[in-house]
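Subject: Structure handover

Hello,

Here is the structure for you to look at. Please open it first, then read the notes that follow.

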Amino acid sequence: MVRVPDKRQTLLHFLERGVAMVHLDARKAGVVVPPQYSQEPHLRLNLSYRYNIPDLEMSERRVQATLSFGGRPFRCVLPWGSIFGITSHAGEGQVWPEDLPGEVMEGIATRRAPNTPEATHAKPSLSCVASGNGGKPAAEPAEPDRPRPHLRLVH
């Protein structure tokens, strides 16, 4: 059985290395983000110690921080249960499948089935990469216009 990494420890690890992108379902209970993003099934927020966020807090229950949206500060509250993935600027990442919203899972399935008409238009930024090769992510074709971080799907 594979041990699932703790979300808080994963975020701390990625923050130590630079910018961490938190992938969350903004519709979940307890999430506080600007109203225009509150119905997003896949909201992506960047956190970094380099941003000098004065009130970045990580408790047992949630992450809190004042983030900038269009140049305006907003105090965000992100319960751990709303966070389903964390990626680093270095291309590392972790996903927690039990917290993935259905829409995001469908987007991943569409991405993995490139011959469907939906795949031509869908460009989800998360993909699950099987890691049956000693913990190393399996190679996946990268899109030529942007690098793709790899996430491990942990069962």
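A residue counts as buried under 20% relative accessible area, as exposed over 50%, and as partly exposed in between (1.4 Å probe, protein chains only). This is a predicted model, in which local features need pLDDT of at least 70, side-chain atom pairs count only at pLDDT 80 or more, and totals for chains, interfaces and linings use all residues. Residues are numbered from 1 along each chain as its sequence is written, and side-chain values use heavy atoms, with hydrogens and water left out.

The topic is salt bridges, meaning a side-chain nitrogen of Lys or Arg within 4 Å of a carboxyl oxygen of Asp or Glu. The whole structure has six of them. Helices (H or I, at least four residues) and strands (E, at least two) are DSSP runs, numbered from the N terminus.

K7 is in helix α1 (residues 7-17) and D99 in the loop between β7 (93-95) and α2 (102-112), so the bridge ties together parts 92 residues apart in sequence. K7 is buried at 11% relative accessible area, and D99 is buried at 14%.

Another joins E92 to R17, at 2.0 Å between the closest N and O atoms. E92 sits in the loop between β6 (83-88) and β7, and R17 in helix α1, 75 residues apart. E92 is partly exposed at 31%, and R17 is partly exposed at 42%.

D55 also forms a salt bridge with R75. D55 is buried at 19%, whereas R75 is partly exposed at 31%.

Regards
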